Amino acid sequence: MRPLQQRRAFVTGASSGIGAATARALVEAGARVALVARNGEGLADVARRLDGRATSHACDVRDERQVARAVRDAAEAMGGIDLVVSAAGLGRFAAVEDTPPDEWREILDTNLTGTFLVFRETLPHVRRARGHLFAIASIAATRPFAQSAAYSASKAGVRALAAVVAEEVRREGVRVTTIIPGAVDTPFWDRAGGTELDRSRMLRPDDVARAILRAAAEPETTSIDEIVVMPAEGVL
Ligand SMILES: NC(=O)c1ccc[n+]([C@@H]2O[C@H](COP(=O)([O-])OP(=O)(O)OC[C@H]3O[C@@H](n4cnc5c(N)ncnc54)[C@H](OP(=O)(O)O)[C@@H]3O)[C@@H](O)[C@H]2O)c1
């Protein structure tokens with residue numbers, strides 16, 4: 001297995017849920033981490049709990065210039081970037097006829113275009129380091145759920161984007177892994193609103209973080225292209 005010490009990770013969505021759990025797990029494994037999300041105070045809170053092993057970079061992943069600046073600052077702070085986790089995202093759930101076009105665009109811009117911009121800007125660093133990109137898709141990318149057109153379309157797009165990037169870079173020693181989680185108990189569900197799922201039966205953010213760290217630690221001869229991580233009971 002490849003040790004995670006000395007890795008320099010750029011983690012979006014790091015102020016909450018899966019991104020925060022992954023950042024913590026990476027720091028505990030000895031990596032340096034750049035935390036990225038919009039809310040600087042949320043990031044600072046997470047950074048404080050990581051004992052100075054992480055830097056914070058407030059950034060809206062929908063904005064090309066902000067992403068470019070965050071990547072530049074993070075690479076400077078850490079001396080490069082070899083691991084990227086694109087976990088910034090959101091969901092809202094309504095029938096197609098009840099989905100305002102602005103909401104559709106917000107979900108596609110954040111989940112899909114945000115991942116595109118983050119991959120596009122970090123790739124020169126990751127290529128240099130023969131590093132590893134992680135996209136966080138969703139089980140909604142692989143099977144249809146009513147009331148989830150915008151979210152499912154965005155996550156199916158993330159899955160396709162990551163698979164294409166993998167083909168573009170795998171011969172240069174860069175690995176790309178798509179994580180496909182089922183429901184995870186995070187603030188995502190408070191923000192999504194209107195959904196009534198039993199949160200006690202969901203995955204925990206640490207369950208997803210563990211899957212990411214395991215794939216990152218695989219030897220250079222192995223690429224784990226996709227990982228489906230589901231609650232033990234399956235779709236809730
Ligand atoms: N929870 C689930 O059941 C589940 C299942 C499958 C996949 N996922 C996916 O996993 C990822 C993480 O979700 P989570 O459950 O951890 O949700 P969460 O707790 O709500 O965290 C979402 C994170 O994304 C950040 N974010 C949102 N919009 C952003 C933007 N425009 N620019 C930069 N950062 C932004 C948020 O911070 P700010 O608001 O401060 O920007 C926050 O740090 C998402 O892509 C989600 O779709 C979640």
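Author: A nonpolar core is a set of buried Ala, Val, Leu, Ile, Met, Phe, Trp, Tyr and Cys residues joined through C-beta atoms within 7 Å. A residue is buried if 20 or more other C-beta atoms lie within 10 Å of its own, exposed if 12 or fewer, and partly exposed in between, with C-beta atoms placed from the backbone. This is a predicted model, in which local features need pLDDT of at least 70 and side-chain atom pairs count only at pLDDT 80 or more, while totals for chains, interfaces and linings use all residues. Residues are numbered from 1 along each chain as its sequence is written.

Reader: Which residues touch the most other members in the largest nonpolar core?
Author: The largest nonpolar core has 66 residues. Those that touch the most other members are V11, A23, V33, A34 and L35.

Reader: With which residues is L35 in contact?
Author: Two residues are in contact if their C-beta atoms, placed from the backbone, lie within 7 Å. Neighbours within four places in sequence are left aside for L35. The contacts of L35 are then V11, A14, A23, L43, V46, A47, A54, T55, S56 and H57.

Reader: Are the residues of strand β4 buried or exposed?
Author: Helices (H or I, at least four residues) and strands (E, at least two) are DSSP runs, numbered from the N terminus. In a regular strand the side chains alternate between the two faces of the sheet. In β4 (residues 83-86), L83 and V85 lie on one side and V84 and S86 on the other, and all of them are buried.

Reader: What is the bridge partner of V11 in β4?
Author: Two strands pair if DSSP finds at least two bridges between them. Strand β1 (residues 8-12) pairs with β4 in the parallel sense over 4 bridges. Within β4, the partner of V11 is V85.

Reader: Which residue in β5 stands opposite L83?
Author: β4 also pairs with β5 in the parallel sense, over 4 bridges. The residue of β5 that stands opposite L83 is H132.

Reader: Which elements give two or more residues to the shell around the ligand?
Author: The ligand is surrounded by 32 residues (C-beta atom, placed from the backbone, within 6 Å), and the closest are G13, G17, R38, N39 and G89. The elements that give two or more residues to this shell are α1 (17-28), α4 (101-128) and α6 (188-192).

Reader: Is D51 buried or exposed?
Author: D51 is found in the loop between α2 (40-49) and β3 (54-58). Its phi is near 50°, a positive value in a residue other than glycine. Most residues other than glycine have a negative phi. Because D51 has 8 other C-beta atoms within 10 Å, D51 counts as exposed.

Reader: Which residues does R201 touch?
Author: R201 is found in the loop between α6 and α7 (205-216). With 13 C-beta neighbours inside 10 Å, R201 is partly exposed. Not counting residues up to four places away in sequence, R201 touches P231, E233 and L236.
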